Amino acid sequence: MTNRQSTRAHFPLATLHWGNSTSGHGTTAHNNYNKPPKTPAPIYRHAAPSGPWPWMDLESETTLETEPVSPSRQSVEQPIWRGYPQSLFGNWVAERVARCKMVENCSRESREKCRIYHVDVLDTGKFKSAKDTDPPIDVDERTLSELWDQLQIEPTGLRLRVLLVDNMKHPVLQMLGTRYNIEPFFFTSSSNWIPSRYQEEVIKRKGDHITVTLLFVRTAPWEKTAGSSQIKHISVLSSAEKYLLQDLLALHMIRSSEPSGSTIISYHPSAQWKRTTAERLKHLVHKVGESVYWQKIFEQTKDPTFVFLAILWYALYAWDESLDNLYAHMNWLETNVLLTNDSHLTTELHTIQAQLLHYVSLLEDFRKSVNFVRNTPSPVLESPGFADHARRDTNKLMRKECDNLLSEIDRLGFQLKNITDLAKATVNFVDSRRMQDLTKATVRDSAAMKQISYLTMIFLPASFIASVFGMNVREIIGGATETLAHYAAVSVTFTVLTAWLVVAFQSHSPFHEAEAGFWRRLAWPVLYVTRPTGLRRSLRSQPVGVL
């Protein structure tokens, strides 16, 4: 009988020391701390949402528990959230958690504090002002129980609470997953930078969970002292002293009809990545509440998904700014390449051309994410709290706002296509100019060789006559032992032998069949004479009696 207890996920606190920086994405050498690390290669088999995948581990023979681990089977000394994810999702055993790198990718740098910001949206649709909002929560090993107690408090009078987490620690991940019943795929796809969008935990008229993990391109100032130009996964725009950085927007929303309202959880990479911080996004979400246009929307409908949609506009703004800077840099590159013919600028053109193909795929993921939000209405709209006309107005308004965002994405796609075409045209022009230079050099070499040939032709008759009169034969020199006939016979023989061997050693020649063996090629004179060619082949194809 299989020991089911052995497959449980055990993560003792001793193995999760927050100052441990020996492995995972928290590993950072002191001299490289100012450099943003390379984006991790996504492991789709183990970390992507695997709803359509019948299997995750084809080679694993471990018997997985399909039922969550009951609290009675957990250690009484550990809090309930310590068993996450297997406490809620029985098939997430320790082996699977290790494969998806959910724990490994959590922040372990002692200098990085896990800080949780929050933004509250009232029942009226107004945002609670920043001065009235409680300060962010700093989490360390000593305040874990205090954080868990705060998460258990049900907020009142709120339509939505947005939680933004900087430097996610593993205990905080377990608490959020346990408190809000989050499937681990949100954390695995976010920490592994895997674009994803899916809906789960759908309960009719009660609510659901939606996840959008989005990669986008953002402009950042170029600090030459940080060695950013040596990092291969960013595009340095030397003309503007900026670079394009791949950023992450990871959102998980719990849409609920409960009085405590809905919740949005935003995951942010560790500080070493130099990406958008939770504090930065928190200020942007507050500015959404200051917008007259969006405030009217929040007053017209009670659907909190519009706040989720408004956050996606941040990725659009970053794309817009990045493509503007990239287009200006491409114009600068084109001018300087044509004027200076600098090989380094040409290499940069080829690099940008390759990265533009990746940007096209990222922008397409952005479009799919907005379509996902547009086509996934909240089950709460079917609850008695929404009248029929309110439901229709909300769905109509959601389609309208998503179409507005999609139209802007289409504009960015057209702009990206223009930049791609400009890069291709510039690269083709530079390559054609190089080919023209090579052609000119070849013509110069041909002219030099022609002059040498003319010079050789002048001396060729004299050299031939000197060679003839220098022959040691009786017809020219009296008393010589050899004759001119012997010379002709030996010369013709060796000439024929040389030609025979040269053709035999050639793998491709009109004198023998293609792909013929070496011994067959040695017999090429006989085979060539007997081979049916031209008239013989046509005569053989005629039926008997035609001639």
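Is Arg-391 buried or exposed? Arg-391 is buried, with a relative accessible area of 15% (buried means under 20%, exposed over 50%, partly exposed in between, using a 1.4 Å probe and protein chains only). Here are some notes to read beside the model.

1. This is a predicted model, where local features need pLDDT of at least 70, side-chain atom pairs count only at pLDDT 80 or more, and totals for chains, interfaces and linings use all residues. Residues are numbered from 1 along each chain as its sequence is written, and side-chain values use heavy atoms, leaving out hydrogens and water.

2. Arg-391 also forms a salt bridge with Glu-382, at 3.8 Å from N to O (a salt bridge is a side-chain nitrogen of Lys or Arg within 4 Å of a carboxyl oxygen of Asp or Glu). Glu-382 is partly exposed, at 41% relative accessibility. By this rule the count comes to 19 salt bridges.

3. Now look at Asp-410 and Arg-367, whose side chains meet in a salt bridge of 3.1 Å, N to O. Asp-410 sits in helix H10 (residues 388-469) and Arg-367 in helix H9 (residues 343-374), 43 residues apart (helices are DSSP runs of H or I with at least four residues, strands are runs of E with at least two, and both are numbered from the N terminus).

4. Next, find Trp-193, which has a positive phi near 60 degrees although the residue is not glycine. Trp-193 lies in the loop between helix H5 (185-191) and strand S4 (196-203), and is buried at 3% relative accessible area.

5. Finally, the peptide bond from Tyr-84 to Pro-85 is cis, with omega near 10 degrees.
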